[in-house]
Amino acid sequence: MTSFGDLLGPQPVLLTGDDEAESDLLNGADAAATAAAHPTASIAWAHLAEAALDDSDGGATVAKVIEAYAYARTGYHRGLDQLRRHGWKGFGPVPWSHEPNQGFLRCVGALARAAKWIGEEDEYLRCLDLLNDSDPAAAGHLGLA
């Protein structure tokens, strides 16, 4: 795997994921129950955030947007903890193509969408920058390109 063309940059971070949480979600388990059972699994928080955004009527239901923001923020921070444990120093590739990274990246994307809908432009731009720094293709996969 490359460092997205930067031969002197850090190697990509490949999270190990949470097999049990991922399996539960794939088998139709309730995302809230999964997050409660596996609170460090960003993928569960991503599911909750995305569902709240889907229920927000395009941002019109502010309570759902705030709910999504909180879920996404939680998953984002749990993902940062995992990234740091895997050697990430606050920068460098976090490839979308590595499926266990997608929970974290999906939380960043959901946080970006929620921030934009409540008018928090600085947070929205920070999230987009983080996605682009992590993997230039991530924003496109998340519908933010």
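**Figure 1. Ala-60 in the loop between α3 and α4 of the predicted model**. The loop that joins α3 to α4 contains Ala-60. Ala-60 has a relative accessible area of 54%, and it is classed as exposed because this value lies over 50%. Between the C-alpha atoms of Ala-60 and Asn-27 there is a separation of 31 Å; along the chain, these two residues are 33 residues apart.

**Figure 2. Helix α6, residues 121-134**. Helix α6 has 14 residues, which at 1.5 Å a residue should span 20 Å. The C-alpha atoms at its ends are 20 Å apart, in agreement with that expectation. Glu-123, Tyr-124, Cys-127, Leu-128, Leu-130, Leu-131 and Ser-134 are the buried residues of α6. Seen down the helix axis, these buried residues fall within an arc of 160°, and they therefore line one face of α6. Asp-122 and Asp-133, on the other side of α6, are exposed.

**Figure 3. The largest pocket and its lining**. The space in the largest pocket amounts to about 170 Å³. Its lining consists of Glu-22, Leu-25, Leu-26, Ile-43, His-47, Glu-99, Pro-100, Gln-102, Gly-103 and Arg-106. At least two lining residues come from each of α1 (19-26), α3 (42-54) and α5. Sorted by class, the lining of the largest pocket comprises four nonpolar, three polar and three charged residues.

How values were computed. Residues are numbered from 1 along each chain as its sequence is written. This is a predicted model: local features need pLDDT of at least 70, side-chain atom pairs count only at pLDDT 80 or more; totals for chains, interfaces and linings use all residues. Side-chain values use heavy atoms; hydrogens and water are left out. Helices (H or I, at least four residues) and strands (E, at least two) are DSSP runs, numbered from the N terminus. The expected span of a helix is 1.5 Å times one less than its number of residues. Buried means under 20% relative accessible area, exposed over 50%, partly exposed in between (1.4 Å probe, protein chains only). The arc is that of the directions from the helix axis to the C-beta atoms. On a 1 Å grid over the protein atoms alone, a cavity is a set of points where a 1.4 Å probe fits but cannot get out, and a pocket is an open set with protein on both sides within 12 Å along at least five of seven lines; lining residues have an atom within 4 Å of a point. Grid points are joined across faces, edges and corners, and a volume is the space filled by probe spheres set on the points. Ala, Val, Leu, Ile, Met, Phe, Trp, Tyr, Cys and Pro count as nonpolar, Asp, Glu, Lys and Arg as charged, and the others, Gly among them, as polar.
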